[in-house]
Amino acid sequence: MFSFVEKNKTAVQVVLGLVSLGLVVGVGLTGYSAMEDGESYLAKVGQTRITPRELAEAIGNRAIPNEMKPMVLEQLVKKRLLLEQAGLLHLKVSDDQIRDAIAAIPDFQENGKFSPKRYQDLLAAQQMTPLTFQQRVRDDLSSSHLLAGFSSGIQSTAVTEYMAKLLGEKREVAMLQISPAAFMSQVTVSDAEVKKYYDSHQAEFKSPEMARLEYLVFSQQELAKTVSVSPDDVQKYFDAHKVELTGEERKASHILITLAKDAKPEAKKAAQAKADAILLELKANPARFAELAKKESQDPGSATNGGDLGFFARGAMVKPFDEAAFKLKKGEISAVVASDFGLHIIRLDDVRSKTFAEVQPDVEQKLKLEKVSQSFQSQVEKFNDLVYQEANSLKPAAEAFKLLVKQSDWITRAAAKDELLNNEKLREAAFSDDVLKKKHNSEAIEVAPGTLVSVRVLEAKPAQAQKLEAVSAGIIAKLKQEKALKLAVDEGTKKLAELKKGGADTLTWPAPQAMLRMGQSAVPEAQVKDIFRVSADKFPAYAGAEVKGQGFALFKVVQATPAPAMDAGLRRQMSESMVQMYGQVELASYLQALKSQIKVDYKLKASNLE
């Protein structure tokens with residue numbers, strides 16, 4: 001009810017800068033930081049470059065699947081196209097407009113007014129400066145001038161009605177899958193077929209080049225194990241940071257009398273009188289708190305539980321409630337507390353926090369890391385020099401820095417089971433001539449912030465073709481599946497043709513399910529179209545199609561229910577949705593036209609992003 005995070009959802013999106021063109025992309029990015037150099041960029045729109053760092057920052061520096069990278073890059077290109085065009089058209093945004101726009105964001109406000117502290121805190125939480133955020137707001141406002149024309153328009157009533165009938169029609173459909181599994185016992189594969197497949201698909205059966213490594217991990221974490229901190233230092237740090245370390249939480253109950261912000265004086269007076277009367281009863285008999293909460297509290301979420309709100313940390317509740325709750329002693333009841341939700345009477349039920357013993361290991365580790373970090377860079381240089389100078393062994397570096405030489409499983413140029421070694425630059429180094437053939441140590445490669453790894457090859461296996469005997473079982477399984485799949489598709493095609501001609505329906509169908517033209521994620525779009533394409537003049541009607549790799553899907557349509565009549569509100573929503581849809585189509589065309597006017601240079605194509 002009083003969740004800070006929920007109240008700030010909009011601000012979080014704005015702070016991330018994902019405001020134009022619907023750029024709220026819930027994915028992240030990997031692999032770009034290694035590509036960053038003075039001239040590196042992913043795309044250039046006009047004279048403006050989109051760098052790997054810009055792309056990473058836009059989506060929070062998190063991990064992203066390779067197939068998503070071109071899409072995210074294209075979204076940034078579109079945004080930049082609009083900004084370039086806004087500049088060419090001299091669409092200016094004044095400082096006053098930016099100031100007003102930021103001040104109007106509710107998440108930056110307290111008690112209905114802009115809060116500089118709240119603004120600074122939210123930006124700091126995202127590691128963003130005010131100037132950076134203001135520039136993003138300026139860009140968004142510039143783009144909005146161009147986007148405004150694509151979100152308005154008038155839609156034909158006839159077209160709206162027609163679309164409503166199409167989208168609102170419901171059909172009752174039974175679905176039957178003809179699976180390859182049912183035909184597996186009917187298929188066989190000869191030795192000649194296996195040999196033919198093996199000979200014509202040699203690339204599939206070639207084991208990759210592999211290497212097994214020994215390696216050293218040099219990191220702040222590892223170095224921290226070699227240093228010590230005194231108990232006095234740990235205690236001193238704990239005493240200075242007790243609140244944040246112990247994570248104090250409080251368990252409270254409350255009685256809420258709701259009161260709107262804009263309530264009239266008489267309503268405020270009545271609510272205050274009621275709260276004061278309840279408080280008097282509680283002062284006379286505190287044991288009645290749960291009883292009165294169930295009877296009088298207007299918070300439906302807690303009233304039935306006697307007002308119990310459970311445990312919460314500082315800052316989780318609205319500010320007046322939070323301040324009052326964290327001033328109370330256990331068992332104490334507050335005075336009447338006013339918040340945006342109304343009037344509260346709060347009882348503190350319990351307090352809990354971590355002990356010194358629970359946080360002591362974390363404090364020790366933090367202090368060790370702080371000690372190490374002061375000299376880490378100079379230590380990195382020494383480590384680099386040592387693995388280079390003593391190129392034939394990792395032992396000298398291990399002994400000098402008190403590190404353990406570890407051994408890996410087999411790795412390939414494409415992957416490693418150990419996540420620490422599954423770094424593209426490190427794998428390239430492992431398979432370089434100097435490391436693979438000359439058996440030298442690799443350079444120290446940073447695989448994560450503050451973590452470097454040097455590797456040395458213990459043994460290697462060249463790429464080689466697997467023998468037929470080793471892969472024949474897999475080939476047989478694959479060919480059987482292909483033959484069974486063909487039989488399933490042939491059978492489904494035959495059955496569908498018979499049913500459409502009026503043949504006897506001897507199939508065992510499951511219970512029909514209601515289906516609409518849109519929102520049927522379990523059924524592919526093409527098959528939904530087939531289902532709604534069959535005539536509603538006579539039922540049952542049949543449709544079907546091959547499902548790639550899975551067999552054949554048959555559909556039996558047993559009933560159609562026309563779309564319900566639209567009321568004024570639904571008609572308005574439908575019209576607005578269609579205007580928005582057509583606006584998106586027009587915007588896509590507009591952006592394509594801009595690409596013919598403003599040069600877009602993709603330096604790293606989709607294939608390079610993988």
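Modeller: Two residues touch, or are in contact, when heavy atoms lie within 4.5 Å. Start with Glu-169. Leaving out residues up to four places away in sequence, Glu-169 touches Met-515, Leu-516, Arg-517, Phe-532, Ala-560, Thr-561, Pro-562 and Ala-563. Pro-562 sits 393 residues from Glu-169 along the chain, yet their C-alpha atoms are separated by 4.7 Å.

A word on the source. This is a predicted model, numbered from 1 along each chain as its sequence is written. Local features need pLDDT of at least 70 and side-chain atom pairs 80 or more, totals for chains, interfaces and linings use all residues, and side-chain values use heavy atoms, without hydrogens and water.

Back to Glu-169. This residue lies in the loop between helix H8 (157–168) and strand E5 (170–178). Helices (H or I, at least four residues) and strands (E, at least two) are DSSP runs, numbered from the N terminus. Glu-169 is buried, at 13% relative accessible area. Buried means under 20%, exposed over 50%, and partly exposed in between (1.4 Å probe, protein chains only).

The side chain of Glu-169 has polar partners. Another, of 3.3 Å, reaches the side chain of Arg-517. A polar contact is a pair of N or O atoms within 3.5 Å; within protein, one must be able to donate a hydrogen and the other to accept it, and residues adjacent in sequence count only if both atoms are side-chain atoms.

Asp-322 is in helix H15 (residues 319–325). Asp-322 is buried but has no salt bridge. A salt bridge needs a side-chain nitrogen of Lys or Arg within 4 Å of a carboxyl oxygen of Asp or Glu. The nearest side chain of opposite charge is Arg-314, 4.4 Å away. For charge, Lys and Arg count as positive, Asp and Glu as negative; His and the chain ends are not counted. A polar atom of the Asp-322 side chain does lie 2.8 Å from the backbone nitrogen of Gly-315. Beyond four places in sequence, Asp-322 touches Ala-313, Arg-314, Gly-315, Ala-316 and Met-317.

Next, helix H9 (residues 191–200). Its buried residues are Val-194, Tyr-197 and Tyr-198. They span an arc of only 100 degrees around the axis, so they fall on the same side of H9. The arc is taken from the directions from the helix axis to the C-beta atoms. Ala-192, Lys-196 and Ser-200 are exposed on the other side. The buried residues of H9 pack against helix H20 (468–500).

Some backbone details stand out. Most residues other than glycine have a negative phi, and most peptide bonds are trans. Asn-111 has a positive phi, near 55 degrees. Asn-111 lies in the loop between strand E3 (109–110) and strand E4 (113–114), and is exposed at 70%. The phi of Lys-439 is also positive, near 60 degrees. Lys-439 is partly exposed, at 29%. The peptide bond from Phe-539 to Pro-540 is cis, with omega near 0 degrees. Pro-540 belongs to the loop between helix H21 (525–533) and strand E17 (541–547).

Last, confidence. pLDDT is the predictor's confidence in each residue, from 0 to 100. The protein's mean is 83, and 88% of its residues reach 70 or more. Residues 1–39 are below 50, though this stretch has 100 contacts beyond near neighbours in sequence. Residues 605–610 stay under 50 too. Where pLDDT is low, the predicted coordinates should not be read in detail.
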